[in-house]
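Hi there,

Here is the structure I promised to pass on. Have a look, and then read on for what I found in it.

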Amino acid sequence: MKIKYIIFLLLLVNQTTFAQKEAAVWYFGNFAGIDFNSGSPVSITNGKLFTNEGCTSISDNNGNILFYTDGSLVYNKQHQVMPNGNGLLGHRSSTQSAIIIPKPKNKFQYYIFTVDEPNPKNTDDTTLNDEDPPNNGLNYSLVDTRLDNGNGDIVISEKNIPLITYNVNDPEEVKYKCSEKITAVQHGDGESFWIVTHFKNNFYAFKISASGVIKNPIKSTTNLVPTGGYITNAIGYLKASPNGKKIAIANSSIKNTNETGPKGEIKRDTGNVVLYDFDSTTGQINNNITLISNINPYGVEFSAKSKKLYITTNNFDAQGVVLGSTLYQFDLKSSNIVNSKKAIINSSYVAGALQLGIDEKIYRSGYPILTDSYDKLSVINNPEADGSNCNYIQDAISLKVPTRVRLGLPPFITSLFLYSFNYEFNCFGDNTLFYFNTNEKVDQVIWDFGDGSTSSDTNAYHIYKNAGVYNVKLTKIINGEQREPLEKKVTIYESPIISAKPIVLAECDSNDEFPEDEKTTFSLSSANYELTLNNNDYEVYFYHSTTEAIADSQNINALPNDYKNTQQDEILIAKVTQPNSNCYSLGSIILHVDKNIELLPSPFYSCTLSEDKANFNINNIKEHIKKELNLPASVVLFLYQNNKDFQLRTNPLNGDFLSTNTTLFIRAENDSKCYGSGKITISTMAVPKIKASETVYICKNNPNLVALGTGIVNLNEANNYSYLWSTKETSPTIETKKTGIYTLTLTNLSGCSSTITYEVLYSSLAKIDNITIDETENSNNVVVTLNDPQKYRYSIQLEGGNILPFQNTPFFQNVPGGIHELIIENLDGCGSVKKEIIIINFPKFFTPNGDGYNDYWNVKGTNTAANSKSVIRIFDRYGKLLKQIFPNSNGWDGTFNGQALPSDDYWYTVVLEDGREIKGHFALKR
């Protein structure tokens, strides 16, 4: 291994520069792209993006494109959509729809972070105007460049994973979830990263470490950007300075609503640009300075040395019509940054994005007003210089036909790609190489290796005396000026400590067409635990020979994990690597095949709980197998849910296993060696289907025996069950006169049980508290008041013998006059109570024409003993008393002093014996 290092080092010594070109290739706009690998940007035409704004790309450190995306589709290095590269949750019209972050300590994997366009059309109550709903907020997906034959693909288990940047209990925030802004900064530990976004009044900083994305963000409070003004409030770039110490945010507008002006014009010039301090160690953002307000900003970008900040802003007239844009510069080293503002150029172009290139120039997108794309980019050639000395050139770079730029340019982690240095050979004992990449003419460098040693070599080598973590600093002197030191934590690793002896992997011979050929499939990773001495941080790769293991420097040609041996006791070489380094140690494994004993036990049954699932106890299944197959006591069984887990020896089942009918895979070991394998069917058995509870009533007025348990099972199936009552009785039914709780457990022939609970209660006849009779000229209503009215049903037997239909409520309407009987019947079959009621009825009219029908008017219901002395007086409309009658008389015949009175309305007053007085009127018809 050391010989390999020496040869490689000799090659490196002869090189004058080192590549660090992850941001060397950009793709954007309509199929547009530029390539910085030659030292200057060159237009390229092989891109596939068609995007208004959002875009991002990543190359390897030699400048070879790996993949790129508009936040929705991901294209690989062959410019084909990755197999799983559809349907990311960004949006091509989101300002910064995506950014790519390398996964720490992993040279093959990258995270794509996406932010959707938070469209208010997707938040209202109508779906007719929706545009690509819903608003998806911030999400991430993992790309592994080893997948799809080295072309890369999204890891399907880590696709579109949401990150919460809103109050989940606030319905308004849930509608939008996030703004269109996202940036990334290298963490202060020199290894991890921060992904930063903004929503409403908070920055959210998520840490990305070697273990993955930490979903709990660091929150920093800011001034409010209301969702009421979305979507324009969400627009604008968010950038971090290359030195990782500043954050700048462009809020295109800050409006409370989307209401337009009096002429329907959109309200403009409400936005601002704010500068913050960023702590790359804690993720906190604070110390805001509002640089400019009442404008319509879009792009922001820092110079490579973090001395200057540039912004672009659109200019509008009073009617909201765009007139062009302005490019501003701010001096971040000034004692008054706000007053350092300089207008670099006013143009008839839209504002457009600003993006720092690896040549340390800043590039600007955009297009002339009244168009929607352009074939040229503009450039700030000397971003560190003051004012016009920055040498801004409009239309500096021509794009090849048919490519066009629009608004967006791809963002990068400038703190990693531009404001950093790199190192190689970080195994203990190596001559570690430190280098940096820049287009500047450097007068002198000073390397501080963090152990008290220094060097002034541009490409410096250093041998550390101990393994450990060192804080390495690089100070550059350019044009006599000493620059701010660049710092990085560098880890010098020990070579992995592994097992000194070969690890034997033993598997049973395959149950295939050649069951005794001493060949089977091994899960090679099952040797990792012993091989690495239980160090989970190591990565292990397997090869046929030492030569193959050493030659595969990228570890991309290793054997697959599921490997079928070619001969008995085949030896494979294990390459155990230290992540984020070139350190490795070589070991070996021996693949031994034992004769397989096929295990085929009978099915195991368990009682169903719900949804055709049963709870299977794994230990009981193992005992069932060992007992039935008479296996030796020393045999240890492992059960697996699927063949993959069985092959990999991962996720063995333990404890209780909730499942439907299925087949489990068996692996048997004796003295840690393969003994046999097979399958067992586990099946659910139905439990007796009975209701959980029932209420039974005993009539309190006549307490007879009641039967419990009747109707639970069919009579012809009664012998298929056993019965156990809480009273210790074992008969299918029991009888009782006592109230209380009784349970019956019913068990079928399979041993599965169900329990029903009986609650025995007293049921009483109705006790009437009050009967209210409302007798008016319009209706006769009867209301019965009693306790627990829901336990009874109600009817009235009328005076003539007819019985009204029973009803569930103690309220009757329009009851005819007369002497009736109220019936209240117990719903539990305990009988009924009856009560006489008297209803007085006042006829609406009468016809005294001598035909024998309705010739007299009298009040019905007052001729009872209770009301026989009631006085009834009849008046004309002027109040003149015409007649006084009594309930037991025929009534009034429509005459006064022997003279027939004319058809008209007449009035009555009835004074009942109980003191009630009732008044009304009726009609005389002739």
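**Loops and backbone**

Asp569 counts as partly exposed because its relative accessibility is 35%. Please keep in mind that this is a predicted model. Asp569 sits in the loop that runs between strand S39 (562-564) and strand S40 (570-577).

You will find Asn534 in the loop between helix H5 (528-531) and strand S38 (539-543). With 39% relative accessibility, Asn534 is classed as partly exposed, since that label covers values between 20% and 50%.

Next comes a peptide bond to look at. Val401 and Pro402 are joined by a cis peptide bond, with omega at about 10°. Pro402 belongs to the loop between strand S27 (392-398) and helix H4 (414-417).

Why point these out? Because most residues other than glycine have a negative phi, and most peptide bonds are trans.

Finally, a glycine. Gly228 is in the loop between strand S16 (218-221) and strand S17 (238-240), and its 31% relative accessibility makes it partly exposed. Which residues does Gly228 touch, leaving aside those up to four places away in sequence? They are Lys255, Asn256, Thr257 and Asn258. Leu377 lies 149 residues from Gly228 along the chain, and their C-alpha atoms are 34 Å apart.

Happy browsing, and do write back with any questions!

Best wishes

Notes
Residues numbered from 1 in each chain as written. Predicted model: local features only at pLDDT ≥ 70, side-chain atom pairs only at ≥ 80, totals over all residues. Heavy atoms only, no water. Helix = DSSP H or I, 4+ residues; strand = E, 2+ residues; numbered from the N terminus. Buried < 20%, exposed > 50% of the residue type's maximum accessible area, 1.4 Å probe, protein only. Contact = heavy atoms within 4.5 Å.
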